[in-house]
Amino acid sequence: MASDTYHWLRDGYGPHTPPPGEETFTDVHIRHLRQAMCSRVKVIQFTKAQESFNGADWELWIHNRSKGVGFRIQAKRESVQGQYGFGYWLDERQAYQCDLLIHDAQATGCIPVYLLYNHESWSVRKDVAASLCGHTAPDHSHHGCSLLSAHHVQEQLFRKALGDSRRISHVQLRRISAPWNQVLCDLKDKSDAPHSRGTLMLKAIQERAEAMERSGWATLQKVDRGKFASPSHACGGTPEASVGSWLGDEPTDEVRESVLRPLPVRVLRLLEANPLRPPEPEIPTRAVVMYDVSDAEQTMNNFVGCVRY
Ligand SMILES: [Zn+2]
């Protein structure tokens, strides 16, 4: 999926213009996840959600039916000049999309992330790479989809709002991001016991996601925010926006063993829900994708780690 995105964007900015938009990529990714994972993936799509009114495109849960980790995802496509819409301001809610993404993630028990669609590759920073799996595509096209903690974006929006810097560094943010296959790698751990329901794999995914969140949160702490709760507030907005981390009050310099978290009741209900008549989402989003790794063994024969050839 990352490789396809990478090549599609390069074609779109080259001989086969124009490239698809973020919504098209999101729809295609959800389609491919359904096809690749078959019955292990449940997708609930909401028709009434207005993207203009909320800070996220979709939500992804990787779980074993009782525990798991969730991501609140905002997609951003790299422009031909290498820029992303990080500074998007929603007039209706008087807030940066980034602040709403973080606020909504807090409210839904998710990790707030940007999903970048890229047409360039880069050297993943050593400190970021240390926590990732090593699966790559020989032509670097696995860089087509990458994940970035929303706190890294929030830090730059804060600096811009407070006058510390004149502009957002898109290149810097892309370089901090990590190819999504290397964060969400679902290679089954050989030492995972047959009846453990993918616990070790889930823990590995959660640890990589936590490392991403910890890095973003630590960067945000270096900003002197003055009296402002969020970059939106510093820009005169009056949003309901909270600045908090999925990690809670855990010290950012202390890395502990991950403890898998129970799935929120809302997600358990969606797992049981009829996809044709889903309950209305409390916090709007276009889709919730739930990937069940608990019986991964039977259906994963076609995969070599997170990269399939
Ligand atoms: Zn992998």
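Visitor: Where is K222 found?
Guide: K222 sits in the loop between α8 (199–221) and α9 (231–234). Helices here are DSSP runs of H or I with at least four residues, strands are E runs of at least two, and both are numbered from the N terminus. This is a predicted model: local features need pLDDT of at least 70, side-chain atom pairs count only at pLDDT 80 or more, and totals for chains, interfaces and linings use all residues. Residues are numbered from 1 along each chain as its sequence is written, and side-chain values use heavy atoms, with hydrogens and water left out.

Visitor: Buried or exposed, K222?
Guide: K222 is exposed, at a relative accessible area of 63%. Exposed means over 50%, buried under 20%, partly exposed in between (1.4 Å probe, protein chains only).

Visitor: How far is K222 from E155?
Guide: C-alpha to C-alpha, 8.4 Å in space. In sequence they are 67 residues apart.

Visitor: New topic. Why is strand β7 largely enclosed?
Guide: Five of the five residues of β7 (residues 145–149) are buried, so the rest of the structure largely encloses it.

Visitor: And which way do they point?
Guide: C145, L147 and S149 point one way, S146 and L148 the other. In a regular strand the side chains alternate between the two faces of the sheet.

Visitor: What does β7 pair with?
Guide: Strand β6 (residues 111–117) runs antiparallel to β7, joined by five bridges. L115 has L147 as its bridge partner. β7 also pairs with strand β8 (residues 178–179), antiparallel, over two bridges. There S146 stands opposite P179. Pairing requires at least two DSSP bridges between two strands.
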